[in-house]
Amino acid sequence: MSEERVVENEENIVIPETLPLLPVRDIVIFPFMIVPLFVGREKSINAIDIALTKDRLVFLAAQKDITKEEPELSDIYPFGTVGMIMRMLKLPDGRVKILVQGLVRSQIKGVTQEKPAIVATIEKANEGPQPQITVKTEALMRNTKEQLEKLAAIGRTISPEIMMILEHLQDPGRIADLVASNLGLKVTDAQTVLETLAPIKRLELVNDYLIKELQVSQMQVKIQSQAKEEMDKTQREYYLREQMKAIKAELGEIEETGEEIEEIRKLIKKTKMSKEAEKEALKQADRLEMMHPDAAETTLIRTYLDWLTEIPWSKSTKDTLDITKAKEVLDDDHYNLEKVKERILEYLAVRKLQKKIKGPILCFVGPPGVGKTSLGRSIARAMGRKFIRISLGGIKDEAEIRGHRRTYVGALPGRILQGLKQVDSNNPVFMMDEIDKIGTDFRGDPSSALLEVLDPEQNKAFSDHYLNIPFDLSKVMFITTANLLEPIPAALKDRMEVIDIPGYTEEEKVEIAKKYIVQRQLAEHGLNAKRLVITDDTIKKVISEYTREAGLRNLERELASLCRKVARKVAEGKKEATVITPHTIQEYLGIPKFLPDPEQEVDEVGVATGLAWTPVGGEMLYIETTILQGKGQLILTGYLGDIMKESAQAALSYARSRTKILGLTDDFYKKVDIHVHVPSGAIPKDGPSAGVTITTSIISALTKVPVSKDVAMTGEITLRGRVFPIGGIKEKSLAALRAGITNIIIPERNKKDMEDIPKDIRKKINFILVKHMDEVLEVALKKKTTKGPRKPGKTVKKRTYATA
């Protein structure tokens, strides 16, 4: 063991030019600071040995990264403190314990050797002359001392000797170093103080750190005081509750908690839940038994156990496997919709042969009012299952599907498990409406959560955040509805079997109105067939002149309006039956809301009839073209989208390529402006299917040959005049039929889509299949050589034209 020496004045110290370097971790050594250090690294022990063999001096510098066992010179702060080893003790584990005293600030200028220890060239830091003690400096020194006393008073461990030494110091630099060494600053902050050479600036910096530490300590004391008060309050409440419990026991009013827990355990066994769920439920019951009845968590556990025991783990309804009876139920509730009915009957047939079968996941896609939701109820009735419906429109929180975690106040399971609890069955028909209108925000993506619910391979172990236990959803028959497929994410769409439910034809609407809507409205308005008679022709007129939709909602509203007006007459005393005919309907519903457009009445130049698809079904699209004197501009109006504008450009280019055949001059477009307009300018329009209609309209206007009013058309056009296939053939065909047009030009490659159109509708429509725009013009333009509409489904024989 070495002898101990204390240095009290740095001016008498002679600092050699080179000193062994001792990197230190988690601490910055200040001048005149005495601190014990444990040294274990080989190079550091060698540095101590070198120092002890000479003048006991060593250079102490803080290490930037404390995790490095073999620091390089770049890993060590260049500013440090020359220290003297006052005492040294070798420990049994090979480490060395030393007591060092900081002497003077110094800076590394270079390295002379790196093995067996780092020896560095040292330069003493110049702190300048001793500053004069002004009034401001005196105030700063006093403030620093007072702040340190306050810090010691509120609990910071600072030895009385330090306070005594500080009281007698009048050197700003020494005061700053002494306070900084006892504040427990971070290494970076302490290093900043060490590298600040000017004594006054150094004291100001330390004073700032001291004020911050004082504020933090005061807040810490406040928090501890509040926690103690809360603890005292809890202990007092516990004591009072125990007294109340003792009083109730004396009065014979104590609750039999043990019996209640035993009832919960019996209920858990009776529920026949999965082994994992039963294990968790019994575990929570044991916890509940150990808790005080008035503890805050008791209510949470009780609610959790209630959910576990009320969810239908093993309860299910028996499927009606009589295929004939199921078909009768579906036919009674809905007219037509053969695809959907066939799919349900197929499922029941397989279910009859194979007991273990996963529930199908269907997606009904169609415009509003076609009966998607009511179809779900009919399916449940046909299968003998319970029915539950939820609406997904506008939900943005993933917890709506998966539930909240039990750590949140008011946490509940998601709407899937809530619905199953509501119907008390684990195999209901579960309908999710408006799946195409799910939102997304910072709370999560509900559509991604549905990926697990609607995947037969995953939903057999569906995990709700609230239960945190797998639940089997594979027996549930999920049915989703949507107006559009496009907004549904691709991954979600892939998990569902999509069944299109397009709009109804006029004949279908008449049959549905006679069988269902009229009867329902008569019953809802307190009428019967003896008091109100609505003829078939009247229903047809309501459909054609008072509604224009793919579904049935507006039709039902108009029929309800008829019933209300008749109900009022009956209530006023009218006894004879009211018969509403097409001639008298205007007295009840007012003037017709939809009339044939004037341009449909005659063949016009530059007016072509197109067909468009909308979310609510097909629509007629009239395109008008006018030729004006000008400079070759193509003017497009009617709120057209980019794709439709490009179709117009392609149409004009095609017309220019056919100038000789059309009897036009090569430079006709330079002397005129071509204005193409699509009426209903407030409604946005886009898509490629209007290409052939725009082309026909432009060529009709240029050649002054009228377009046949009896022909509607749809198809995409290319610059070469080829006609490409488009979508929505069924909806567009129904729209044309509603408008009284029976000749429809469609791309030949859409012939396969004609199978989706009911046979009775196909018989009424003359489908003209075309491959090229020349064929469209031959049919659509009223030329003398035109021989009228061709037979259905026949392709036009292409005429021979000169190459453009």
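Predicted model: local features only at pLDDT ≥ 70, side-chain atom pairs only at ≥ 80, totals over all residues.
Side chains of opposite charge can pair when their charged atoms come close. A search of the whole structure turns up 35 salt bridges, and a few of them are worth a look. One joins R658 to D774, with the closest N and O atoms 3.4 Å apart. R658 sits in the loop between α21 (642-657) and α22 (659-662), while D774 belongs to helix α27 (residues 773-780), so this pair ties together parts that are 116 residues apart in sequence. Both R658 and D774 are buried.

Another salt bridge pairs K771 with E748, and here the closest N and O atoms are 3.5 Å apart. This one also links distant parts of the chain: K771 is in the loop between β24 (766-770) and α27, E748 is in the loop between β23 and α26, and the two are 23 residues apart. K771 counts as partly exposed because its relative accessible area is 48%, and E748 is partly exposed too, at 23%. The loop between β23 (743-747) and α26 (759-764) also holds D753. The side chain of D753 makes polar contacts with the side chain of N750 at 2.7 Å and with the side chain of K752 at 3.3 Å.

Then there is D75, which forms a salt bridge with K68, the closest N and O atoms being 3.4 Å apart. D75 has 12% relative accessibility, so it counts as buried, whereas K68, at 35%, counts as partly exposed. E72 is found in the loop between β3 (57-62) and β4 (79-90). With 47% relative accessibility, E72 counts as partly exposed. Together with E42, E70 and E114, E72 forms a negative surface patch.

Helix α4 (residues 172-181) is mostly covered, with eight of its ten residues buried. Among them are P172, G173, I175 and D177. D177 also takes part in a network of salt bridges with R105 and R202.

Finally, L375 is found in helix α12 (residues 372-383). L375 and M431 are 56 residues apart in sequence, and their C-alpha atoms are 10.0 Å apart in space.

Conventions
Residues numbered from 1 in each chain as written. Heavy atoms only, no water. Patch = residues over 30% accessible without salt bridge, like charges linked within 9 Å, V, L, I, M, F, W, Y side chains within 5 Å. Areas by Shrake-Rupley, 256 points an atom, 1.4 Å probe, with all protein chains shown as cover. Salt bridge = Lys/Arg side-chain N within 4 Å of Asp/Glu carboxyl O. Lys, Arg positive; Asp, Glu negative; His and termini not counted. Charge placed at Lys NZ, Arg CZ, Asp CG, Glu CD. Helix = DSSP H or I, 4+ residues; strand = E, 2+ residues; numbered from the N terminus. Buried < 20%, exposed > 50% of the residue type's maximum accessible area, 1.4 Å probe, protein only. Polar contact = N/O pair within 3.5 Å; in protein donor to acceptor, adjacent residues only side chain to side chain.
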